[in-house]
Amino acid sequence: MENILIIGAAGQIGSELTLALRKIYGNEHVFATDLIKPSKDISKEGPWAILDVLDNKRLVHYVIRHKITQIYHLAAVLSSNAERIPIQAWNINMDGLMNILDLAKEIPEIKKVFWPSSIAVFGPTTPRQNTPQLTITEPSTVYGISKIAGERWCEYYYKNYGIDVRSIRYPGLISYKTEPGGGTTDYAVEIFYEAVRTGKYECFLEKDTYLPMMFMSDAIQATINLMEAKPEKIKVRSSYNLGGVSFSPDDISKEIKKHIPDFEITYNPDFRQQIAESWPESIDDKKAQEDWGCKTTVEIEEMTKLMLEGVKEKLTK
Ligand code: NAD
Ligand code: AKB
């Protein structure tokens with residue numbers, strides 16, 4: 001019997017991953033925790049608690065009390081927020097991960113750990129087109145530095161202590177259930193909210209800035225596939241590239257115009273432009289496809305339709 005702890009369950013990914021895991025393992029076996037109260041559909045249907053990943057004592061207590069066997073550690077400060085509070089972000093991102101890795105080392109009942117990395121591990125010296133699994137990783141953001149350091153630690157704990165830790169370098173994730181938490185790819189979610197609310201959007205990135213993105217359902221499916229794969233299939237113990245689809249603000253605004261013909265976009269790039277320019281435009285995820293079968297199914301046309309429908313429904317509620 002698995003008992004799964006999600007840390008950061010109220011966030012953009014956690015709010016959907018918790019529900020997906022509860023469908024598989026049963027509501028009572030998936031424990032949602034965060035610094036803030038998660039959404040009603042999470043807090044009403046299964047166990048949840050306020051828990052700070054930096055509070056080691058409470059963390060150990062919680063894990064033992066609930067006989068936790070798997071941890072999904074999602075809590076982090078994302079790229080644009082981290083640039084505003086670099087040292088604090090470094091502490092949250094790194095100390096949080098080290099607490100979880102150490103916990104898995106000390107408590108043998110914890111069989112598996114998931115920790116997400118990001119395309120932010122790449123930097124201005126990385127080849128930007130079809131970026132390979134193994135390439136130059138010299139990130140220029142504090143978020144990217146914390147992710148590349150985290151990847152190295154995950155591999156270290158696997159090799160030296162046998163911790164079954166698994167990871168994906170997510171691209172920018174697109175969803176409407178929970179708004180994103182302060183990243184550079186957030187424009188690709190905000191644009192849908194503003195299109196529905198006001199019919200116009202001022203974008204903080206330039207028109208032709210391409211970035212790899214993925215619709216949330218594909219990201220959740222990939223995460224579950226990775227975590228359910230047999231350990232011998234997992235050949236990369238740092239983190240797997242995940243490709244998704246690549247598009248620019250101009251591409252997405254043209255798609256929105258097919259549904260809202262009067263939609264207007266203007267451009268006013270800020271410090272996030274430099275971050276975006278340091279990241280890949282597209283990602284090669286052959287290795288993840290070969291090892292455990294990741295697949296991108298939602299392309300930009302369908303993503304636009306799903307986002308507009310989802311945001312409209314959310315705003316009318
Ligand atoms: P988010 O900001 O939406 O959610 C993070 C959650 O963590 C928040 O609900 C926050 O309250 C919680 N949290 C923060 N500090 C905490 C602490 N000390 N203890 C417990 N909870 C704490 O982020 P997200 O988009 O859901 O991202 C989750 C993970 O996936 C992060 O590690 C992020 O770096 C990674 N990731 C996300 C994306 C994306 O596009 N969303 C892309 C690449 C990687
Ligand atoms: C961000 O923009 O910070 C995140 C990410 C790609 O890691 N969405």
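Reply: In this predicted model, the domain assignment divides the protein chain into domain 1 (4–171 + 216–241) and domain 2 (173–213 + 244–282 + 297–316). Taken over C-alpha atoms, the centres of domain 1 and domain 2 are separated by 25 Å. The two domains touch through 29 residues of domain 1, which are in contact with 27 residues of domain 2.

The pockets may be considered with these domains in mind. The largest pocket has a volume of about 870 Å³, and its lining draws at least three residues from each of domain 1 and domain 2. In total, 40 residues line the largest pocket, and Leu 74, Ala 75, Ala 76, Val 77 and Leu 78 lie nearest its centre. At least two residues of this lining are supplied by each of helix H4 (79–84), strand S6 (117–118), helix H6 (142–161) and strand S9 (172–174). By class, the lining of the largest pocket consists of 22 nonpolar, 13 polar and five charged residues.

The second largest pocket has a volume of about 310 Å³. Its lining, too, takes at least three residues from each of domain 1 and domain 2. Among the residues that line the second largest pocket are Ser 15, Glu 16, Leu 19, Ser 39 and Asp 41, together with Tyr 176, Lys 177, Thr 178, Gly 310, Glu 313, Lys 314 and Lys 317. Helix H1 (14–25) and helix H12 (300–316) are the elements that give two or more residues to this lining. Its classes are two nonpolar, four polar and six charged residues.

The largest cavity is lined by His 73, Ala 75, Ala 76, Asn 93, Trp 115, Ser 146 and Lys 147. Of these lining residues, three are nonpolar, three are polar and one is charged. Helix H3 (residues 56–65) has Leu 59, Tyr 62 and Val 63 as its buried residues. They lie on the same side of H3, because they cover an arc of only 95 degrees around its axis. An α-helix has 3.6 residues a turn, so residues three or four places apart point the same way. On the other side of H3, the exposed residues are Lys 57, His 61, Ile 64 and Arg 65. The buried residues of H3 pack against four strands and a helix, namely strand S1 (4–7), strand S2 (30–34), strand S3 (48–50), strand S4 (70–73) and helix H5 (86–106). Just after H3, Lys 67 adopts a positive phi of about 50 degrees.

Helix H2 (residues 40–45) contains Ser 43. Ser 43 counts as buried because its relative accessibility is 13%, and the cut-off for buried is under 20%. Apart from its neighbours within four places in sequence, Ser 43 is in contact with Lys 37, Pro 38 and Trp 48.

How values were computed: Residues numbered from 1 in each chain as written. Chains lettered and ligands numbered in written order. Predicted model: local features only at pLDDT ≥ 70, side-chain atom pairs only at ≥ 80, totals over all residues. Heavy atoms only, no water. Buried < 20%, exposed > 50% of the residue type's maximum accessible area, 1.4 Å probe, protein only. Arc of directions from axis to C-beta. Contact = heavy atoms within 4.5 Å. 1 Å grid on protein atoms, 1.4 Å probe; cavity = no way out; pocket = protein on both sides within 12 Å on 5 of 7 lines; lining within 4 Å. Points joined across faces, edges and corners; volume = space filled by probe spheres on them. Nonpolar A, V, L, I, M, F, W, Y, C, P; charged D, E, K, R; others polar. Domains from an automatic or database assignment.
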